[in-house]
Amino acid sequence: MCIRDRFTPYTSIGYIKITKMLLVPIMGRFCRMAAQSGVRNFSEYFSNIDKAALIAHNKHYYEPLVYTRMQRKWRLPLERKRRYKELKKQRLATIEKRPAEEEKIVAHDAERGIEFPVAPENIFAVFELAGTQYKVTMDDKLICNRLPFEVGEKVEFDKVLLVGTKDYTSVGRPYVNSARVIASIEEQARSKKLIVYKKERRKSYQRNYGHRQPITVLHIDQIVHTPTEQALSDYNFV
């Protein structure tokens, strides 16, 4: 008989006794703690302990001062932007919108007055297109962002802000309802390539790519202005 065979039954029995002696008080302690915390079973109790330990671990290792500073770099601008939008929305809600009024015509010379009709080449207009204001005259070429029209198609813009000639100036409040800008689509193209280069030093990061903006070329065919009789009769002088 070898030594292992002689001591195996005694050592296994002693191991079982020692295990029972250690586990019984520990399990009794866990039972009491689980009963005090109000959980139904051990799995829920231990899962709560694991969650608490994970939260404490993350708070200790992943939320130091350096990490919070890195988060502020992108969180604070977003928070400022959100706050600015809310304040702007509140401010716009308090502003009373003025109702649209008829255009106001101002004559340049009281002795000469206003002559109608005006020659097409002697009139200019300022109109709004996609949030941008453009000053145009007849036969001008205008480059703007891509518009959803085909080449050769006629387009009419009615958001005219101002019309001017040698004799008078018509100011819209906010728009000159009696004015139109008629244009034709000459070309649908892309702008000249713009090189965009980005680099972050000591980060092994650099990017180099190009961008071409889709554009539309417009030809201003005509500027039409037909004011009403009331607007002509109530015009002012400079």
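**Pocket and rings**

The largest pocket is lined by Phe116, Pro117, Val118, Ala119, Pro120, Ile123, Tyr168, Gln222, Ile223, Val224, His225 and Thr226. Please keep in mind that this is a predicted model. The volume of the largest pocket is about 150 Å³. Which element gives the largest share of the lining of the largest pocket? That is strand β11, residues 214-225, with 4 residues. Sorted by class, the lining of the largest pocket has 9 nonpolar and 3 polar residues, and no charged ones.

Now the rings. A pair of aromatic rings is described by the distance of the centres and the angle of the planes. How many aromatic pairs does the count come to? The count is 2 aromatic pairs. One of them joins Phe127 and Tyr134, at 6.1 Å centre to centre and with 40° between the planes, and is tilted. Phe127 has a relative accessible area of 0%, so Phe127 is buried. Tyr134 has 17% relative accessibility; buried means under 20%, so Tyr134 counts as buried.

Phe127 also pairs with Phe157, and here the rings are stacked: 5.2 Å centre to centre, 25° between the planes. This pair links distant parts of the chain, since Phe127 is in strand β2 (residues 124-129) and Phe157 is in strand β5 (residues 154-157), 30 residues apart. Phe157 is buried, as is Phe127. Through these ring pairs, Phe127, Tyr134 and Phe157 are linked into a cluster.

Lys135 lies over the face of Phe124, 4.8 Å from the ring centre. That is the end of my part.

Conventions:
Residues numbered from 1 in each chain as written. Predicted model: local features only at pLDDT ≥ 70, side-chain atom pairs only at ≥ 80, totals over all residues. Heavy atoms only, no water. Phe/Tyr/Trp six-rings, centres within 6.5 Å; stacked < 30°, edge-to-face > 60°. Buried < 20%, exposed > 50% of the residue type's maximum accessible area, 1.4 Å probe, protein only. Helix = DSSP H or I, 4+ residues; strand = E, 2+ residues; numbered from the N terminus. Lys NZ or Arg CZ within 6 Å of the ring centre and 35° of its normal. 1 Å grid on protein atoms, 1.4 Å probe; cavity = no way out; pocket = protein on both sides within 12 Å on 5 of 7 lines; lining within 4 Å. Points joined across faces, edges and corners; volume = space filled by probe spheres on them. Nonpolar A, V, L, I, M, F, W, Y, C, P; charged D, E, K, R; others polar.
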